Amino acid sequence: MHSDELGVELRCTARGRLKKERVSVLTGDRVELDEVDLVRAAAVITARLERQNLLSRPPLANVDQVVIVQAVHQPEWNPLLCDRYLVHFQLELPSAAPLLCLNKCDLAAGEDLEALQKIYAPLGYKMLIVSAKTGQGIDELVRHLTGKVSVLAGPSGVGKSSLINDLDPGLDLKVGVMDNDFGVGRHTTTYSELYRIRLGDDCSVRSSWVADTPGFSLAELKHPEPADLAWQFPEIVELAGLCKFSNCLHVVEQGCNVLANLERLPGTRYRSYATLVAEAQNEMRLRKETSQKVEAAVKAVGGKEGRAKIVPRLSERYRAASRRSERQNLAELDLDSEEIIENDDVDLAGGEDDEPLD
Ligand code: GDP
Ligand code: ZN
C-alpha cells in the first residue's frame, strides 16, 4: 500500500468492521487510514473511498487507461489476439479507449509497422510504436502515462516488464524468459501490482502509476453476446446502419451493408469479428443446452403456501428406490412430508405423473 501524499509505503490491515461489512479493498483503491505509524511503516484502513471504476480482470480499481501491449515479433504479431484484448478492455473500461502499444519495433521493418498503423489509426485507436530495447517511442509513451493510473496488459513475453523498467529503472522488475502466448510459467499471480513510476523530471501534480498484469487465458477475455459484438468494432458500426435487418450479425445475412462493403474493411479486423461472433454463438448454444439439461434434471413441486420448490429429478431406477425408502422413512419417523421436501433434495414426489405430496 502506497501513500501518495507521504511518498512512503505502508503495510495496511483492514479494520475488522470493513471485513464484517464485506467491503473489499483492491489494488488501486483509495482509502482512509488511521493509526499511521511511520516507524513501523504500518496503518489501518478505516474506509474505502468511492470507486471511479472497477476492472474485473485484472482486478483493479480507479484505472484511467489501459495500454494494450503487443509485440511485432517474438511472440509473433497476432491480429486476432490483439482484437480480443481490445474488445475485452473496451468492455472492462468503456470510459477510455485503450491505447495500443506495439513493442519490439526493433525487430520489424518500417513498412510492416506502417501497415499495422494503417489498420488501427483510422479506427480511432492511438497506436504507439516502441522498443523497450532501443528506447524508440518511449518518450511518447511517457507522455501518455504521466499523471495517470495505467494498466499495461498483453500476453506474456511482449515486453511489459521491460517497458516498465525503461520508464523507471528504479523499479527493476524481473524480465522473464519468453513462454507461450497465453503464458503460464512465471505469470501465475491473479492480482495486479501498481507501481508508482517516476517519469523524467516528474513535475506532474498527480503521480503516475502503472500496473503490470499477468497474462490472460482465452476464457478470461470477455466478449459480449453475438448481437452486441459489432459495437466493439467501430468500422462495422459505421456500416451497420444501412443493413436491411436491424438484427443483422453481418455474417451471412441478405442485404447486409457490411458484407457488401467488405473490401473497405481491414481483412484481419473482419476476420477477428467473424471469429468472435462464431465463438459467442457457440457459447450461447452451449449455455442454452446446459440450462435445458438442468431444467430437465429438476422438477418443480408445490411447496408450503403454494411456493414452488425445485427438486432434482432422479433417474427412474433411483426414483423407484427413493419412493420405497421414503415410504419407509415416513412410516418409521412419521414426519411431515413437507418438511422433508424442504430439508431434503431427493425427489419425494416420485415420478413425473405423481402428484406432489401435501
Ligand atoms: P512481459 O512478459 O510482457 O513482461 O515481457 P518481458 O519484459 O519479460 O520481456 C520478454 C522478453 O522480450 C525478454 O527476453 C526481453 O528482453 C525481450 N524484449 C522486451 N522488449 C523488447 C524489445 O523492445 N525488443 C526486443 N528485441 N526484445 C525485447
Ligand atoms: Zn449487416
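Guide: The model is predicted, and local features need pLDDT of at least 70, side-chain atom pairs count only at pLDDT 80 or more, while totals for chains, interfaces and linings use all residues. Residues are numbered from 1 along each chain as its sequence is written, chains are lettered from A and ligands numbered from 1 in the order in which they are written, and side-chain values use heavy atoms, leaving out hydrogens and water.

The protein contains eleven helices and 15 strands (DSSP runs numbered from the N terminus: helices are H or I, at least four residues, and strands are E, at least two). Of its 358 residues, 42% count as buried (buried is under 20% relative accessible area, exposed over 50%, partly exposed in between, with a 1.4 Å probe and protein chains only).

Now to the rings: those of Phe, Tyr and Trp (its six-membered ring) pair if their centres lie within 6.5 Å, with planes under 30 degrees apart counted as stacked, over 60 as edge-to-face and the rest as tilted. By this rule there are five aromatic pairs. One of them joins Trp 77 and Tyr 120, whose ring centres are 6.2 Å apart and whose planes stand at 85°, so this pair is edge-to-face. It links distant parts of the chain, since Trp 77 sits in the loop between strand 8 (65-71) and helix 2 (79-92), while Tyr 120 belongs to helix 3 (residues 110-120), 43 residues apart.

Another pair is formed by Tyr 270 and Tyr 273, with ring centres 5.9 Å apart and planes at 40°, so it is tilted. These two tyrosines lie three residues apart in helix 9 (residues 267-297), and therefore about one helical turn separates them. Tyr 270 counts as buried because its relative accessibility is 12%, and Tyr 273 is buried with a relative accessible area of 0%.
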